[in-house]
Amino acid sequence: MPALDLSAINQSLYSYVSVLEEARKLRVQLKELTPYLVSCQKRQDTIVGRSTRWPKFLYENEHIYSINELVRIHRGTLVKTLGKAVKEGIRHVLQCSCPCCATLSHLSCCSGRCPICQM
């Protein structure tokens, strides 16, 4: 599937198109959450673990978009989906009882706000 690197095309697009910036921020959060979700023994309970339809670049590089994702941004559906995935991922990391998630303790590694869930 062909993909475009928006940061290589024009880094300032994010400042001019607010929905792109919103999607980028959500994708950064999803990228930070992904190691927790994929290492979890209960990952089938997470949106990343369940979804085989998600292109890997959605949670690996916040600047890469396929034409399909750009259309979904225009329609307003991608930001909603990403927001749901981030919210679900944060809930999972905070509430999961598997040994992998329990030992990650991401909230204790930071003073102030957590970079992953912004709590």
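The legends below describe close-up views of a predicted model of the protein.

View 1. Eight helices and two strands make up the secondary structure of the protein. In sequence order, these elements follow the pattern β-α-α-α-α-α-β-α-α-α. The protein has 119 residues, of which 40% count as buried. When contacts between residues at least 6 apart in sequence are taken, 72% of them join residues at least 24 apart.

**View 2. Helix H7 from end to end.** Helix H7 covers residues 77-95. It has 19 residues, and the distance from its first C-alpha to its last is 27 Å. This is close to the 27 Å expected at 1.5 Å a residue. Buried residues of H7 include Leu-78, Val-79, Leu-82, Ala-85 and Val-86. Further along H7, Glu-88, Gly-89, Ile-90, His-92 and Val-93 are buried as well.

**View 3. The crossing of helices H6 and H7.** Helix H6 spans residues 67-75. The axes of H6 and H7 come within 5 Å and cross at roughly 95°. Angles of 65 to 115 degrees count as roughly perpendicular, and H6 and H7 are therefore roughly perpendicular to each other. On the H6 side, the residues in contact are Glu-69, Arg-72, Ile-73 and Arg-75. They meet Thr-77, Leu-78 and Thr-81 of H7. Sorted by class, the contact between H6 and H7 has two nonpolar, two polar and three charged residues. Leu-78, one of the H7 residues in this contact, is buried.

**View 4. Thr-81 in helix H7.** Thr-81 lies in H7 and takes part in the contact with H6. Its relative accessible area is 25%. Buried means under 20% and exposed means over 50%, so Thr-81 is partly exposed. Thr-81 and Ala-23 are 58 residues apart in sequence. In space, their C-alpha atoms are 9.8 Å apart.

View 5. With a relative accessible area of 23%, Gly-83 is partly exposed. Along the chain, Gly-83 and Ala-23 are 60 residues apart. The C-alpha atoms of Gly-83 and Ala-23 are separated by 8.4 Å.

Notes:
Residues numbered from 1 in each chain as written. Predicted model: local features only at pLDDT ≥ 70, side-chain atom pairs only at ≥ 80, totals over all residues. Heavy atoms only, no water. Helix = DSSP H or I, 4+ residues; strand = E, 2+ residues; numbered from the N terminus. Buried < 20%, exposed > 50% of the residue type's maximum accessible area, 1.4 Å probe, protein only. Contact = heavy atoms within 4.5 Å. Axes fitted to C-alpha atoms, helices over the stretch in contact; angles between N-to-C directions. Parallel < 35°, antiparallel > 145°, perpendicular 65-115°, else oblique. Nonpolar A, V, L, I, M, F, W, Y, C, P; charged D, E, K, R; others polar. Expected span 1.5 Å × (residues − 1).
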